[in-house]
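I wanted notes on helix packing and on the surroundings of the ligand. The entries below keep to that.

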Amino acid sequence: MLFSELGLDNRIVQALENQKLTETTPIQRQAIPYAAHGRDILGCAKTGSGKTLAFVIPIIARLISQKAMTKRDPRAMILAPTRELAKQVFQVTRDMARALNLKTALIVGGDNYNDQAKVLRKDPHILVGTPGRVADHLSDRSFFLNGLEILVYDEADRMLDLGFSEQLLAIHRQADHRKRQTLLFSATLDDPKLRHLLDSLLNNPQEIMLDASYELHTDIRQSLFYSDHVEHKQALLKHELATQQYNQAIVFVATKADADRLSSWLQQAKLNCVALHGDLLQNQRANVINAFGNGQHDIMVCTDLGARGLDLRKVNLVINFDLPKHVEEFVHRVGRTGRAGEKGSAISFVGPRDWLSYLALKKHITQELPVAVHPTLPGEFKGKTVTKNTSRNSSKKVKNKKRENAPKAYKKRIDNTSGTEVGHVPIKRKPRQKAEDNE
Ligand code: ADP
Ligand code: MG
């Protein structure tokens, strides 16, 4: 079905044609008619299937066909879990909005706050942003949401995972009026933790569930190598990067430090590689993604920061150096290839430390991952069965023993009146930070 057959305003069809887009994708042809008529949408479709335009087109359609409810408030807002994804969605939105004289703005963490406040005073019609920074501006009253007509959550499950449920609800409450329409999309919406959030955000949504979250993507050829330890994984990685045919590759690792370490190691091996993770400064993050997107590097090593939504069309090889803890992230990581009907490959290394993640993955995905045996680096590990320790007391004892032996951290206690040191108090440890903090 063509965009011109969806009953859209001609200017929208023309703007799409100018971008060489004429045929709809399945999620677009199913979601756009409902959304353009004001219905809430809960949309689930595989990675790379065109979900962005499935919500951008109805936003534009509604904004040009209806009168604004207020003079100054944004009329539509799109929230995404990472700065990189928000920027990409912003570019798609801006390209469409420009053609219809609608103003857009990008509001993400890491960019200058005051500059954003200035941009917000120019009353953009459509905002694209990350939930943390948007919520900050709202609580500082840089803008209001009384006139918001459409709110979109892209990759809603990831925003929840990253701990943004409070910000999402705060944003929702400020725009909680009868006329608001809500669209929510992801390739993975099976997590039961999502139910509560979905119930509070969406109003009688049209559910469009096109692809089962854990069905393997048919355009992505998967394989799995058992691996013994990090050195074995590195040897496998080097071998695969030297022998596979690919334009660009993304290698996913578990931590920010691993991303730096592995990227340097690959650079030493004379591979053209760059690292992306949340410890980089904002301009470094932007430079990395721009340079990789422009084809200046062959390989990007990254944490799950790069797992969601990024549309880098030259990537046709994804390697999971470690398996992600959450099954959904596996689906999204491998979904960085095989986009918009193109073919790609995904290789996963499974070592003893990945075993529990692998079992969880096996339980969820509908097909087995084909196990490949490496011709020159076969390794010893072939998977293991995990035995549960049933004696609770014994594990407690070990834990207590560890605690007793752990060195304690103290800080000096100063007497307030005399200012002299009067003893020591234990320091309360901060809770450990998440592996990746995207905002
Ligand atoms: P998703 O959000 O489902 O992962 P995206 O919205 O990022 O997918 O789109 C993936 C790619 O498909 C993008 O490069 C986009 O330009 C392209 N695309 C989207 N819609 C169409 C279409 N109707 N025809 C051709 N390509 C499209
Ligand atoms: Mg997307």
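**Model.** I am working with a predicted model, in which local features need pLDDT of at least 70, side-chain atom pairs count only at pLDDT 80 or more, and totals for chains, interfaces and linings use all residues. Residues are numbered from 1 along each chain as written, and chains are lettered from A and ligands numbered from 1 in the order written.

**H6 and H8.** I looked up helix H6 (residues 131-139) against helix H8 (residues 165-174): they pack at about 45°, axes 9 Å apart. H6 is therefore oblique to H8. I noted the crossing of H6 and H8 as left-handed. On the H6 side I listed Pro131, Gly132, Val134, Ala135 and Leu138; they meet Gln167, Leu168, Ala170, Ile171 and Gln174 of H8. This contact has seven nonpolar, three polar and no charged residues.

**H8 and H9.** The axes of H8 and helix H9 (residues 194-201) come within 11 Å and cross at roughly 10°. The two helices are therefore roughly parallel (angles under 35 degrees). Ser165, Leu168, Leu169 and His172 of H8 make the contact with Leu197, Ser200 and Leu201 of H9. Contact here requires C-beta atoms, placed from the backbone, within 7 Å.

**Ligand 1.** I found 18 residues around ligand 1, the closest being Gly50, Lys51, Thr52, Asp311 and Ala340 (C-beta atom, placed from the backbone, within 6 Å). Helix H3 (residues 51-65) gives the largest share of this shell, three residues. By class, the shell has four nonpolar, nine polar and five charged residues. Domain 1 (3-209) and domain 2 (220-372) each supply at least three residues to the shell.

Methods
Axes fitted to C-alpha atoms, helices over the stretch in contact; angles between N-to-C directions. Helix = DSSP H or I, 4+ residues; strand = E, 2+ residues; numbered from the N terminus. Parallel < 35°, antiparallel > 145°, perpendicular 65-115°, else oblique. Left-handed = near helix turned anticlockwise from the far one by under 90°. Contact = placed C-beta atoms within 7 Å. Nonpolar A, V, L, I, M, F, W, Y, C, P; charged D, E, K, R; others polar. Domains from an automatic or database assignment.
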